[in-house]
Each structure stands twice: as structure tokens, then as C-alpha cells.
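Opening the notebook on this one. I want to look up the charged pairs and then the nonpolar packing.

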Amino acid sequence: MDLLMVPYSSDPNLKIIQWPLFLLASKIPIALDMEAQFRGKDSDLWRCICADEYMKCVVIECYESFINVMNALVVAETKKR
């Protein structure tokens, strides 16, 4: 069971270590709800997110994955031209 909690890296394009999805899946809606309701500085929101290590990991992983997808789409579009 301890092996399920070990981080891994499945995508070489991501510059982060990925955690198993079952550890992070519940944190995504919480982070999105926290962001939607937050009325303050971005740095204060980031401090709240960093208070939970798994939530910090999921936000970073989602951001890096989004950047990776966007870069792939832009490169694919450029190659088509």
C-alpha cells in the first residue's frame, strides 16, 4: 500500500513529479472552489493553497499539464501551416 503513495513521473514533458491521481482528485474541486470564493491578493490565495501539500501539488500539476497541452496545440498548429 505504501507504493501507491510514492510520487512518479509518467510524462517526460512535465517538469514535476506526479502524485497518484487518487490522492489528488479530491483536491481539484476544493482548490477551484477556494479560488472562486477568494477575495484578496493572489499571494494570500497561494499561501492558503500551500497550507495543504497535496493541494499545492495538484495546482502545480494542473498548471504544468495545461501549459504542456497548450504548447502541443500551438506546435501542432504551426506544423500544419
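I counted a salt bridge when a side-chain nitrogen of Lys or Arg sits within 4 Å of a carboxyl oxygen of Asp or Glu. The model is a predicted one, and my search over the whole structure turned up 2 salt bridges.

Entry one. I looked up Lys-27 and found a salt bridge to Asp-52, with 2.5 Å between the closest N and O atoms. Lys-27 belongs to helix H2 (residues 27–37) and Asp-52 to the loop between H3 and H4, so this pair ties together parts 25 residues apart in sequence.

Entry two. The other pair I noted is Asp-44 with Arg-47, a salt bridge at 2.9 Å, N to O. Both residues lie in helix H3, 3 residues apart, or about one turn of the helix. Asp-44 comes out partly exposed at 27%, and Arg-47 is exposed at 54%.

Which residues make up the largest nonpolar core? I get 7 residues: Leu-24, Ala-31, Leu-45, Ile-49, Met-55, Cys-57 and Val-58. Helices H3 (42–50) and H4 (53–80) are the elements that give two or more residues to this core, and H4 gives the most, with 3. In soluble globular proteins, nonpolar side chains tend to be buried together.

Entry four. I picked Leu-45 from that core and listed its contacts, leaving aside neighbours within four places in sequence: Met-34, Glu-35 and Phe-38.

How values were computed: Residues are numbered from 1 along each chain as its sequence is written. This is a predicted model: local features need pLDDT of at least 70, side-chain atom pairs count only at pLDDT 80 or more; totals for chains, interfaces and linings use all residues. Side-chain values use heavy atoms; hydrogens and water are left out. A nonpolar core is a set of buried Ala, Val, Leu, Ile, Met, Phe, Trp, Tyr and Cys residues joined through side-chain atoms within 4.5 Å. Buried means under 20% relative accessible area, exposed over 50%, partly exposed in between (1.4 Å probe, protein chains only). Helices (H or I, at least four residues) and strands (E, at least two) are DSSP runs, numbered from the N terminus. Contact means heavy atoms within 4.5 Å.
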